[in-house]
Amino acid sequence: MYRPTSLAEYTGAAGVKTLAETVAITARTDLMATPHVLLTGLPGTGKTTLARIIANESRLPLAEFIGEAVEYPDILAKIDHIGPPGCIVFLDEIHSANPKLLERLYVLMEDNQVIRDNTPSHCDGKVVVIGATTEKQEL
């Protein structure tokens, strides 16, 4: 099965492609705030592929996690390991993630801060969060 790796190869809906391009461009520049993204859809509709395309196009490393299997320290360790200029954090099956993890991700998304020892601190690079779910109503 062929999976596209760039926007040039992606043949999905025009609106989705435009959104992906906007996220990728803003993630690789400091011209404006980068939007975080929630991808929804049935299994097998390309949510993970689209997240990978956004990472490729943004030229930022992709840190992939599965909602039910990840804890905040896992994400924090990956962000710290990658360092500047930042990364794309992709959380597949985000609807199954621990609610406490989601609360900490909100701080990251809103303020670009990570929580260490219950204290927020500024992140050393731009972090863009992309979530994917088949269960939008569970969020």
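1. In which sense do strand 3 and strand 6 pair, and over how many bridges? Strand 3 (residues 86-92) pairs with strand 6 in the parallel sense, over 7 bridges. Within this pairing, glycine 86 stands opposite lysine 126 of strand 6. Please keep in mind throughout that this is a predicted model.

2. Overall make-up. The protein chain contains 4 helices and 6 strands. Read from the N terminus, the order of elements is α-β-α-β-α-β-α-β-β-β. The radius of gyration is 14 Å, close to the 14 Å that the globule rule gives for 139 residues, so the chain is as compact as a globular protein of that length. Along the principal axes, the C-alpha atoms fill a box of roughly 45 × 35 × 25 Å.

3. Of the 139 residues, 40% are buried. Among contacts between residues at least 6 apart in sequence, 69% join residues at least 24 apart. The accessible surface comes to about 7900 Å², and 53% of it belongs to carbon and sulfur atoms. There are 12 positive and 18 negative side chains, with the centres of the two sets 5 Å apart.

4. Besides its pairing with strand 3, strand 6 pairs in the parallel sense with strand 1 (residues 37-40), over 4 bridges. Leucine 38 has glycine 131 of strand 6 as its bridge partner.

5. Valine 128. This residue lies in strand 6. Why does valine 128 count as buried? Its relative accessibility is 0%, and the cut-off for buried is under 20%. Leaving aside residues up to four places away in sequence, valine 128 touches Val23, Ala27, Thr34, Pro35, His36, Cys87, Ile88 and Val89. Valine 23 is 105 residues away from valine 128 along the chain, yet their C-alpha atoms are separated by 8.6 Å.

6. Strand 2. Strand 2 runs parallel to strand 3, joined to it by 5 bridges. The bridge partner of leucine 62 in strand 3 is isoleucine 88, one of the residues that valine 128 touches.

7. Backbone points to check by eye. Most residues other than glycine have a negative phi, and most peptide bonds are trans. Proline 84 and proline 85 are joined by a cis peptide bond, with omega about 5°; proline 85 is placed in the loop between helix 3 (72-82) and strand 3. Arginine 59 has a positive phi, near 65°, and sits in the loop between helix 2 (47-58) and strand 2. Arginine 59 counts as exposed, at 65% relative accessibility. Glutamate 93 also has a positive phi, near 55°, and belongs to the loop between strand 3 and helix 4 (99-111). Glutamate 93 counts as partly exposed, at 26% relative accessibility.

How values were computed:
Residues numbered from 1 in each chain as written. Predicted model: local features only at pLDDT ≥ 70, side-chain atom pairs only at ≥ 80, totals over all residues. Heavy atoms only, no water. Pairing = 2+ DSSP bridges. Helix = DSSP H or I, 4+ residues; strand = E, 2+ residues; numbered from the N terminus. Rg over C-alpha atoms; globule rule 2.2 N^0.38 Å. Buried < 20%, exposed > 50% of the residue type's maximum accessible area, 1.4 Å probe, protein only. Contact = heavy atoms within 4.5 Å. Areas by Shrake-Rupley, 256 points an atom, 1.4 Å probe, with all protein chains shown as cover. Lys, Arg positive; Asp, Glu negative; His and termini not counted. Charge placed at Lys NZ, Arg CZ, Asp CG, Glu CD.
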